[in-house]
Amino acid sequence: MKKLILILLSVATATLMFSSCSKKNDAVKPAAPVVKNYVLVHGAWQAPYVWDSVKTTLIKEGNNVTVVELPGHGSDQTVPSTITLNLYVTTVLNAISQINGKVILVGHSLGGMIISSVAEQIPTKIEKLVYLSAYLPTSGQSLLALASTDAGSALGDSVNNVPILNINTTNGTLDVLHNQIVNVFIQDGSTQAQNLVLQNYRIEPLIPFTTPVTLTSANFGSVEKVYIKTLQDHVVSPALQNRMIAASNVKTVYQLNTSHSSFLVKPDSVAILLTKIGQ
């Protein structure tokens with residue numbers, strides 16, 4: 001009998017200890033999600049508004065988001081002929097200087113040229129470079145040089161013998177044939193999204209397109225790069241996207257079945273990818 005009582009007491013004690021441990025484990029809260037700093041850079045003929053939905057989603061998930069307005073875009077009234085690629089780069093550098101910790105730097109279209117140059121200057125500040133249907137140069141290339149190799153881009157076409165892209169060297173601007181803006185940038189978007197692009201359209205400064213970048217393996221080459229392809233892109237064709245990815249040896253590639261303006265067509269999908277990239 002004594003032996004039986006001792007066994008029962010042992011079992012009861014073990015049960016209490018296990019229950020106590022379980023309660024303690026249950027009380028342990030999961031680790032808080034890591035807050036990421038996203039810096040979003042828009043492309044040519046567009047402005048910060050294109051990131052609105054993506055920004056909202058990323059912030060709801062607890063991240064910090066900075067959207068850069070490039071000179072001569074959005075509400076900025078800098079004269080186009082005075083705008084340089086270096087001015088764009090300085091604008092992004094100034095925005096990043098206000099942020100504590102590393103950033104995930106995202107560039108769309110022309111923004112790819114800018115974020116590449118930024119990474120060359122402050123590589124240790126950049127956690128990852130993300131190219132969203134963006135120009136991804138090698139050292140010595142300009143955007144115009146890259147674009148001139150893109151036979152699949154609508155910007156090289158013409159309508160009734162009128163070029164879709166008008167290069168005005170007199171006032172230093174680039175203009176897209178207005179009845180082709182939707183087809184070029186957002187042919188798959190809703191009417192609302194297409195109207196947004198039309199309403200916010202402004203001519204583009206020329207000089208940044210013609211300026212080559214200088215990149216080194218020690219700086220730019222040391223930063224991890226991710227590319228998000230857009231499979232229905234009429235600006236940066238999928239073929240050019242593939243060539244740039246291969247030339248820069250990008251290891252991580254995602255794709256979206258959208259036009260050039262994926263952030264307006266599928267903003268949730270863009271936000272999901274950016275969140276995944278930040279993990």
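Start with the largest cavity, where about 30 Å³ of space lies; a cavity here is a set of points on a 1 Å grid over the protein atoms alone where a 1.4 Å probe fits but cannot get out, and a volume is the space filled by probe spheres set on the points, which are joined across faces, edges and corners. This is a predicted model, in which local features need pLDDT of at least 70 and side-chain atom pairs count only at pLDDT 80 or more, while totals for chains, interfaces and linings use all residues. Residues are numbered from 1 along each chain as its sequence is written, and side-chain values use heavy atoms, with hydrogens and water left out.

Select W45, Q46, G72, H73, G74, N200, Y201, R202 and I203 to show the lining of this cavity, where lining residues have an atom within 4 Å of a point.

Helix 5 (143-147) and strand 7 (165-168) each supply at least two lining residues, and helix 5 gives the most, with three; helices (H or I, at least four residues) and strands (E, at least two) are DSSP runs, numbered from the N terminus.

Finally, turn to the second largest pocket, which holds about 170 Å³ of space. Helix 2 (52-60), helix 7 (191-199) and helix 10 (262-265) are the elements that give two or more residues to its lining, and helix 7 gives the most, with three residues.

Key:
On a 1 Å grid over the protein atoms alone, a cavity is a set of points where a 1.4 Å probe fits but cannot get out, and a pocket is an open set with protein on both sides within 12 Å along at least five of seven lines; lining residues have an atom within 4 Å of a point.
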